Amino acid sequence: MAEDDAGVVLLPQPFTPLADAEGQPRSRLVPYRPVLGACNLCPARCCRLHVKLSVLDAVHFAVTLGVPLFAGLRPVASEDPEHAFRLDRDPRVVPEDAPWPGTAELELLRRPDGGCHALVQVGEHERCGVYGARPSFCRTYPVAWRATKMEGGPKVIMCPVPYGVDPDEEARITADVARSIRLWGAHDALVAEWNAGPGPFTVEAFAAFAVPRAAEVLGVSAAQVLAQGNREQRLYDAMLEAKVVKPPRFQLVQAPARPFADLPITPLRPDE
Ligand code: SF4
Ligand code: SF4
């Protein structure tokens, strides 16, 4: 099995068997025969799970798709000792009568039926519509792994057939696991700094603190990720700046408020 710089090794499990390029098992004693291209046969079962993102995954997601931070995700209650960040109760995130632990993580938005909001319908098939932007969880699912200082893998495997890992797939997932370790390590460091800080612990303050740090690690610009205002407001700003339109001579009505771009205004209950 290949080992990368972070010492990542994929662990063969009964439902994620290692296979050769022709799909034959690489070890003799396997309970199930591997199926190559399992995802092509699957009704996107793992895209019904709750998917948490590191701040770095979130910035990569937003930059890749050209959308503000909260267009595709939202903060949800979490008490994870390493990943969760302090966040005051906010009625835009959680209903006022719902429990709130004072700490949160970022999670991909989900449709009312529980599917990821980024799933798209292609004929009779549901597929990831943001494949290049998908976060670490999606990149490394469903394989268990071990690295120099840690190990990981999904708590539950949703695959309907044994997910065969051929050498190309093994190399891809190994690199994605090493990337995931780097991103979550940077996430945990910036969360520790934030949690030890003086506050205020608002959504806006957290984004202003965490996004530029994440963007610097990724080597990307944070400007569009931290956009203020709704889509129409931002387009109008750009048209004004480009002199495509002239500013109104008289402001007859009060300018609308400029919310943090795409922050949810319909709060989720914790069990949704
Ligand atoms: S990883 Fe497994 S559950 Fe997810 S789409 Fe592929 S086969 Fe289905
Ligand atoms: S981002 Fe893509 S791969 Fe990940 S859960 Fe959503 S649809 Fe599935």
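Where is the place of Lys243 in the structure? I looked this up to begin with, and found Lys243 in the segment after helix H6 (231-241); helices here are DSSP runs of H or I with at least four residues, strands are DSSP runs of E with at least two, and both are numbered from the N terminus. I noted a phi near 65° for Lys243, a positive value in a residue other than glycine.

Before going on, I wrote down that this is a predicted model, in which local features need pLDDT of at least 70 and side-chain atom pairs count only at pLDDT 80 or more, while totals for chains, interfaces and linings use all residues. Residues are numbered from 1 along each chain as its sequence is written, and chains are lettered from A and ligands numbered from 1 in the order in which they are written.

**Entry: exposure and overall figures**

I took a residue as buried if 20 or more other C-beta atoms lie within 10 Å of its own, as exposed if 12 or fewer do, and as partly exposed in between, with C-beta atoms placed from the backbone. Lys243 is exposed, because 8 other C-beta atoms lie within 10 Å. For the protein, I found that buried residues make up 30% of the 272 residues. I listed six helices and nine strands, and the C-alpha atoms fill a box of roughly 80 × 45 × 40 Å, taken along the principal axes. I then looked at contacts, which need C-beta atoms, placed from the backbone, within 7 Å of each other; among those between residues at least 6 apart in sequence, 71% join residues at least 24 apart.

I turned to helix H2 (residues 55-65), which is largely enclosed by the rest of the structure because nine of its 11 residues are buried. Among these buried residues I noted Val55, Ala58, Val59 and Phe61. The elements that the buried residues of H2 pack against include strand S3 (73-77), strand S5 (103-108), helix H4 (167-195) and helix H5 (203-218). After H2 comes Gly66, with a positive phi near 70°.

Which residues touch the most other members of the largest nonpolar core? A nonpolar core is a set of buried Ala, Val, Leu, Ile, Met, Phe, Trp, Tyr and Cys residues joined through C-beta atoms within 7 Å. I found that this one has 55 residues, and that Val55, Ala58, Val59, Val211, Ala214 and Val225 touch the most other members. H2, S3, S5, H4 and H5 each supply at least two residues of this core. Leaving aside residues up to four places away in sequence, Val211 touches Val59, Leu69, Ala222, Val225 and Leu226.

I also checked Arg213, which lies in helix H5 and counts as partly exposed because it has 19 C-beta neighbours inside 10 Å. The C-alpha atoms of Arg213 and Ala186 are 9.1 Å apart, although 27 residues separate the two along the chain.

**Entry: ligand surroundings**

I counted a residue as around a ligand if its C-beta atom, placed from the backbone, lies within 6 Å of it. The residues around ligand 1 include Cys39, Cys42, Ala44, Cys46, Tyr141, Pro142 and Cys159, and by class this shell has 10 nonpolar, no polar and one charged residues. Here Ala, Val, Leu, Ile, Met, Phe, Trp, Tyr, Cys and Pro count as nonpolar, Asp, Glu, Lys and Arg as charged, and the others, Gly among them, as polar. Ala44 has a positive phi of about 50° although it is not a glycine, and I placed it in the loop between helix H1 (38-41) and S2. The peptide bond from Tyr141 to Pro142 is cis, with omega near 5°.

Around ligand 2 I noted, among others, Cys47, Cys116, Leu119, Cys128, Arg134 and Cys138; the shell divides into nine nonpolar, no polar and one charged.

**Entry: strands**

I took two strands as paired if DSSP finds at least two bridges between them. Strand S6 (residues 119-122) and strand S7 (residues 125-128) run antiparallel and are joined by four bridges, with Val120 opposite Arg127 in S7. In this hairpin, which has two residues between the strands, Gly123 takes a positive phi near 60°. I also found an open sheet of three strands in the order S1-S8-S9, with antiparallel pairing.

Conventions: Two residues are in contact if their C-beta atoms, placed from the backbone, lie within 7 Å.
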